Amino acid sequence: MAEGERQAPPDSSEETPAATQNFIIPKKEIHTVPDMGKWKRSQAIEKLVALLNTLDRWIDETPPVDQPSRFGNKAFRTWYAKLDQEAENLVATVVPTHLAAAVPEVAVYLKESVGNSTRIDYGTGHEAAFAAFLCCLCKIGVLRVDDQIAIVFKVFNRYLEVMRKLQKTYRMEPAGSQGVWGLDDFQFLPFIWGSSQLIDHPYLEPRHFVDEKAVNENHKDFMFLECILFITEMKTGPFAEHSNQLWNISAVPTWSKVNQGLIRMYKAECLEKFPVIQHFKFGSLLPIHPVSLC
């Protein structure tokens, strides 16, 4: 319709009778500055969080089974089978109907992002698949540039919470872990984004993330420190022994240098490693030539 052209009023016979509508008294919803998120956040962000909430609920509905082996609880396969069956339906709740043709391709990355159901393990390759899932949603226009902070600190953070619950509930093995010489058994990206969040912080420096008091007081606000807290909950012994790489990183003077070093390390240890990339799936949204991982 041409701009400025008036649309004809709808036929009153097609309007819903007032008696059948559910009316409410309008009320204030924005009480504090953080409440602005309700207004500003895109619907796609809310739908993605709801999708992850569904995965979380399925964990509660699929308790671990009794088995001789301590690690790799087979109930994970039951949980994964449900995701495998419902993945396209879940993605369809996020993708608008006019982009429905993209759903099967995008859903592959969601299924790849939660671990391997045969080995019952999880690692940075699976984490990369979730980043690819988000990247695909950006490429088809579901997620926007304005969503970039919420993508990391709302969606990806919720994804981390669900993955940690999976790892603890089903005692998943680390996929391709380098032990004490690796950055972390399961994750890498939250250390990159978490360190960027702390650049120019007025008092928290890299040396503070090995300080138990500093971590306990600030982990809820900073992704990097939440990662450190999870490590200390899952591992025993001196931090310098079970997480030697991170211990060394704590000696770097600034968060910007930490961030730059982690980006280089991620490229070398994840994106350029055959054991990781051999499992990565390529399609029309993320073609192998040119390589494009956002």
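**Working through the model, one residue at a time**

Student: Which helix is Asn 218 found in?
Tutor: Asn 218 belongs to a helix running over residues 212-218. This is a predicted model, where local features need pLDDT of at least 70, side-chain atom pairs count only at pLDDT 80 or more, and totals for chains, interfaces and linings use all residues. Residues are numbered from 1 along each chain as its sequence is written, and side-chain values use heavy atoms, leaving out hydrogens and water. With helices taken as DSSP runs (H or I, at least four residues; strands are E, at least two) and numbered from the N terminus, the one holding Asn 218 is H8.

Student: Is Asn 218 buried or exposed?
Tutor: Buried means under 20% relative accessible area, exposed over 50%, and partly exposed in between, using a 1.4 Å probe and protein chains only. Asn 218 comes out at 9% relative accessibility, so the label is buried.

Student: Which residues is Asn 218 in contact with, leaving aside neighbours within four places in sequence?
Tutor: Contact here means heavy atoms within 4.5 Å. With those sequence neighbours set aside, the partners of Asn 218 are Tyr 203, Leu 204 and Leu 225.

Student: What does the side chain of His 242 make a polar contact with?
Tutor: His 242 is in helix H10 (residues 239-242) and is buried, at 11% relative accessible area. A polar contact is a pair of N or O atoms within 3.5 Å, one able to donate a hydrogen and the other to accept it; residues adjacent in sequence count only if both atoms are side-chain atoms. This one spans 2.8 Å, and the partner is the side chain of Ser 243.

Student: How much space lies in the largest cavity?
Tutor: A cavity is a set of points on a 1 Å grid, over the protein atoms alone, where a 1.4 Å probe fits but cannot get out. Its volume is the space filled by probe spheres set on the points, which are joined across faces, edges and corners. The whole-structure search turns up one cavity of 30 Å³ or more, and the largest cavity holds about 40 Å³.

Student: Which helix gives the largest share of that cavity's lining?
Tutor: Lining residues have an atom within 4 Å of a point, and here they are Arg 164, Asp 184, Gln 187, Phe 191, Cys 227, Phe 230 and Ile 231. Three lining residues come from residues 223-234, making the top contributor helix H9.

Student: Which residues of helix H7 are buried?
Tutor: H7 spans residues 189-197. Its buried residues are covered by elements including helices H5 (124-139), H6 (148-169) and H12 (255-271). The buried ones are Leu 189, Pro 190, Phe 191, Ile 192, Gly 194 and Ser 195.

Student: Last one: what percentage of the 294 residues is buried?
Tutor: The protein has 13 helices and two strands. Across its 294 residues, the buried fraction is 41%.

Technical notes:
1 Å grid on protein atoms, 1.4 Å probe; cavity = no way out; pocket = protein on both sides within 12 Å on 5 of 7 lines; lining within 4 Å.
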